[in-house]
Amino acid sequence: MMKIIIITPAKQKSLSGNRATAQRWAIFLQQLGHQVTISVQWDETPCELMIALHAWRSADTISRFKEKYPQTPLIVAMTGTDLYRFIHSHPEPTLASVKAADQLVVLHDKAYLALPEEARHKVHVIYQSAIPLPSAMKQNIKRSQRNFDICVVGHLREEKDSLRAAYAVRELPESSRVRVRHYGKAHNDEWAEKAREEMRINPRYHWFGEVKHWQIRQAYARCHLMVLSSIMEGGANVISEATVAGLPVIASDITGSVGLLGDDFSGYYPVQDTNALRELLLKAETDPNFIRLLRQQGDQRAKLFLPAMEGQQWRELSSFMGLQ
């Protein structure tokens, strides 16, 4: 048994993706027989392995840890903002973390392209997993016949291009049954006001705010489609959740989504292209063959996102590092 510390910038009661990832990884590592602690900051407690989420936000911890325990293995998990923002805007601390890491964990199979060539040999892909919906939920919750419901799941912030789906449904024909149901916490008051104003002028859009995860799972069962409109993602867990729930996905064609859904996926639209997204939503609503194709393509990828796969990937990385 090893003593492992997972560092995440997300606080204990946070519903952010980083916290959920840390908690899920802790479970897999505990199943391998290890003792795991999750912390926001490192308090100098010794351990036999540190896993740090976020190369930039955890840069101070990473630096201090490697200075004090240079021989103790360190895994750095690269987030979307690390790969597609901070590696450019704050290169010194971000790349210092990359260099300090013994191994790098990324969440999709094209993430290595954002890293310096000399660091790519450290990369291990670990897909974020999701638990399929229970049969009882699928049977008891029926999709609306009157509306064509689209869910958007994610906190309202710039990286998510959070209101793109709302903008796309503003000018749909009156005959359209599309409505957008948005679940997620506003990053700040400005984003909250934008969402409230959108609801005021756009009857097809409703923002529910931050809700419990079981309510999100109900939304996957109720809705006809999910839209992920992000400008950057390190490998969005909502794609895992939607695909294992059998919910078709439309996504912006960013590397982080292509690395999860595949190059030949049919549901991409150009980033921030409202008109292209509107056309895809209308096609999904009116063309049963298209929505069936999206579901089939999602089903083909869903096996990558099952908990057994994520657990196996952690076993393989542990074995590779000689930790078992």
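# Working through a predicted model

Leaving out neighbours within four places in sequence, Thr79 is in contact with Asn18, His54 and Gly234. Keep in mind that this is a predicted model. Let's do some exercises with it.

## Exercise 1: H3 meets H4

Work out how helix H3 and helix H4 are oriented, and which residues make the contact.

*Solution.* First get the geometry: H3 (residues 80–89) and H4 (residues 91–100) pack at an angle of about 120°, and their axes are 5 Å apart. Then compare with the cut-offs: roughly perpendicular covers 65 to 115 degrees, and roughly antiparallel is over 145. H3 and H4 are therefore oblique to each other.

Last, the contact itself. H3 brings Asp82, Phe86, Ile87, His88 and Ser89, while H4 brings Pro91, Thr94 and Leu95. Sorted by type, the contact residues split into 4 nonpolar, 3 polar and 1 charged.

## Exercise 2: How covered is H9?

*Solution.* Count along the helix: 8 of its 8 residues are buried, so H9 is mostly covered. The buried residues are Asn237, Val238, Ile239, Ser240, Glu241, Ala242, Thr243 and Val244.

Zoom in on Asn237, which is found in helix H9. Its relative accessible area is 19%, and the cut-off is under 20%, so Asn237 is buried. Skipping residues up to four places away in sequence, Asn237 touches Arg24, Gln128 and Ser129. Just after H9, Gly246 takes a positive phi of about 80°.

The buried residues of H8 (residues 213–222) are Ile216, Arg217, Ala219, Tyr220 and Ala221.

## Exercise 3: Two loop residues

Locate Leu32 and Gln272, and classify how accessible each one is.

*Solution.* Leu32 is in the loop between helix H1 (17–31) and strand S2 (35–39). Partly exposed sits between the buried cut-off of under 20% and the exposed cut-off of over 50%. At 23% relative accessibility, Leu32 therefore counts as partly exposed. Now look across the chain: Leu32 and Arg315 are 283 residues apart in sequence, with C-alpha atoms separated by 7.5 Å.

Gln272 belongs to the loop between strand S12 (268–269) and helix H11 (274–286). Its 41% relative accessibility makes Gln272 partly exposed as well. Gln272 isn't a glycine, yet has a positive phi of about 65°.

## Exercise 4: A pocket

Which residues line the second largest pocket?

*Solution.* List them: Arg143, Ser144, Gln145, Phe148, Arg177, His224, Ile291 and Arg295. Then sort by type, and you get 2 nonpolar, 3 polar and 3 charged. Finish with the volume: about 150 Å³ of space lies in this pocket.

Definitions and conventions
Residues numbered from 1 in each chain as written. Predicted model: local features only at pLDDT ≥ 70, side-chain atom pairs only at ≥ 80, totals over all residues. Heavy atoms only, no water. 1 Å grid on protein atoms, 1.4 Å probe; cavity = no way out; pocket = protein on both sides within 12 Å on 5 of 7 lines; lining within 4 Å. Points joined across faces, edges and corners; volume = space filled by probe spheres on them. Nonpolar A, V, L, I, M, F, W, Y, C, P; charged D, E, K, R; others polar. Axes fitted to C-alpha atoms, helices over the stretch in contact; angles between N-to-C directions. Helix = DSSP H or I, 4+ residues; strand = E, 2+ residues; numbered from the N terminus. Parallel < 35°, antiparallel > 145°, perpendicular 65-115°, else oblique. Contact = heavy atoms within 4.5 Å. Buried < 20%, exposed > 50% of the residue type's maximum accessible area, 1.4 Å probe, protein only.
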